[in-house]
Number of protein chains: 2
Amino acid sequence: MTTTQLVTQIKQKKSFLCIGLDVDLNKIPSHLLELDDPIFEFNKAIIDATHHLCVAYKPNTAFYEAYGIKGWQSLEKTITYLNTNYPEIFTIADAKRGDIGNTSTMYAKAFFEDLAFDSVTVAPYMGKDSVEPFLAFKDKHTIMLALTSNEGAFDFQTKKVDKKELYIQVLETSKNWKNSESLMYVVGATKAEYFAEIRKIIPNSFLLVPGVGAQGGNLQDVCKYGLSENIGLLINSSRGIIYASKNKDYALAATQQAKKLQVEMETILNK
Amino acid sequence: MTTTQLVTQIKQKKSFLCIGLDVDLNKIPSHLLELDDPIFEFNKAIIDATHHLCVAYKPNTAFYEAYGIKGWQSLEKTITYLNTNYPEIFTIADAKRGDIGNTSTMYAKAFFEDLAFDSVTVAPYMGKDSVEPFLAFKDKHTIMLALTSNEGAFDFQTKKVDKKELYIQVLETSKNWKNSESLMYVVGATKAEYFAEIRKIIPNSFLLVPGVGAQGGNLQDVCKYGLSENIGLLINSSRGIIYASKNKDYALAATQQAKKLQVEMETILNK
């Protein structure tokens with residue numbers, strides 16, 4: 001998918017919501033556990049109930065790998081279901097991968113070719129030659145960690161490197177990498193005050209923003225400093241939507257929570 | 001596996017060799033491609049031919065994920081084969097994972113419980129609360145990236161943060177994390193001159209050292225500065241051993257290459 005197609009979808013749906021499909025068998029309605037593939041059935045119901053309110057889905061690979069081959073099968077069925085039924089949706093494999101060159105190419109093949117995701121999240125610690133192999137894939141997007149939503153972000157990311165915070169160095173350095181126009185960045189919603197500084201460096205790049213809702217981030221603050229000319233934001237919510245109810249009405253409850261965020265986004269976009 | 005058991009194995013075998021099982025279907029002998037699971041059959045033959053010469057195996061997950069569910073099955077069969085037939089071997093899932101707390105716990109379950117590896121590699125960028133969930137698992141080991149063997153290591157890892165390089169900050173900071181005695185670190189062999197400085201900070205921690213062989217690192221230099229009282233080194237070789245021959249004699253060729261390194265290690269240990 002091209003960035004233009006993503007922006008078009010955002011404008012049509014008046015939403016820049018991404019829904020995180022982080023499925024924990026301990027948290028889904030118990031009646032699903034009797035089915036052959038509870039994770040996929042849960043995802044399918046959530047997707048059918050929310051696809052008109054969001055523009056992206058983001059399964060975090062950890063939640064699938066934890067269930068071994070069965071989990072990987074659920075992930076494959078989920079992405080195939082999305083690509084078949086809702087091809088307009090932007091899909092994100094939240095995998096936070098990164099390795100030396102030829103190994104990163106294998107990861108890129110796994111997520112861009114075998115699973116056919118539109119994008120994958122990567123970690124910056126190993127530098128340019130660990131990320132550029134992902135950037136070589138046309139019409140695919142590489143979403144690099146910049147400033148994350150967790151407390152541990154202050155351990156290294158905000159430390160000063162040559163008078164600038166490490167995450168700023170990550171943004172500035174990566175702008176010069178080959179095919180860097182395919183880069184997006186992860187910036188946590190819990191750090192809204194940082195968005196103004198970030199937009200000075202990457203005025204137009206899309207930012208994937210976790211941390212609204214359960215983690216305490218505020219949508220209004222993020223949009224105030226983070227919106228770009230092309231919108232440039234994908235706001236992720238996982239638990240707040242997919243676990244809105246633990247009962248048989250979970251899909252309806254998810255619709256209601258997604259709708260609340262979509263309406264809030266529509267108001268912001270109309271301003 | 002405890003660190004003491006690993007050290008005992010090293011002393012018995014007079015080897016601190018780790019063999020990287022990074023299986024690329026384009027590089028293995030072509031007669032294997034006719035089999036139902038060429039990756040597992042290749043690994044099985046390599047393991048049977050080299051287990052007496054090394055103390056650890058390290059499959060890099062990228063090479064398995066690239067083949068989807070079939071690849072994940074090969075990984076599962078490989079670790080089960082190792083745990084069943086060679087329980088003395090230290091197993092490393094080279095996965096370079098890392099995510100916010102509850103998600104890292106899911107990754108830890110995937111590699112420590114579902115797949116039953118002894119250790120997993122992780123990335124430090126997201127800080128303490130992304131790594132501590134791995135450290136909570138008893139008798140499991142978390143191998144954190146410190147200074148990697150690739151060119152991109154100079155993009156961020158060696159940049160000065162408060163007058164010390166980032167990788168030094170990573171070492172010093174992580175020493176204070178809960179259960180940090182379960183931490184090991186990745187330090188590339190191509191950076192032998194850095195080992196002396198590293199040993200001042202973590203005199204006893206085990207270091208997983210890639211980059212000997214194909215990437216140009218030198219075993220003698222690494223050992224000169226990197227050996228600790230408890231040996232404290234796992235030297236990894238992947239391509240140099242597993243792709244020593246592309247013909248039907250590949251297992252024998254792997255034995256010969258592993259034997260060369262083991263003999264070199266025995267000489268070093270005898271000094």
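**Barrel, chain A.** I started with the sheet of this predicted model: eight strands close into a barrel in the order β1-β2-β3-β4-β5-β8-β9-β10, with parallel pairing. Strands here are DSSP E runs of at least two residues, helices H or I runs of at least four, numbered from the N terminus; two strands pair if DSSP finds at least two bridges between them. Neighbouring strands are turned by 30 degrees against each other on average, direction ignored (axes are lines fitted to C-alpha atoms, for helices over the stretch in contact; angles run from 0 to 180 degrees between N-to-C directions).

**One pair.** I looked up β8 (183–187) and β9 (207–209) of chain A: two bridges join them, and they run parallel. A:Tyr185 stands opposite A:Leu207 of β9(A).

**Helix on the sheet.** Helix α12 (250–270) of chain A packs on the sheet, touching β1 (17–20) and β10 (233–237), contact being heavy atoms within 4.5 Å. Its direction makes about 155 degrees with that of β1(A).

**Two copies.** I laid chain A on chain B: RMSD 0.0 Å, a turn of 180 degrees, a shift of 0.0 Å along the axis (least squares on C-alpha atoms of residues with pLDDT of at least 70 in both). That is a two-fold axis. In chain A, the C-alpha of A:Val161 is nearest the axis, at 2.3 Å. I also checked the contact residues: 100% of those of chain A recur in chain B.

**Bookkeeping.** Residues are numbered from 1 along each chain as its sequence is written, and chains are lettered from A and ligands numbered from 1 in the order written. Local features need pLDDT of at least 70 and side-chain atom pairs 80 or more, while totals for chains, interfaces and linings use all residues; side-chain values use heavy atoms, without hydrogens and water.
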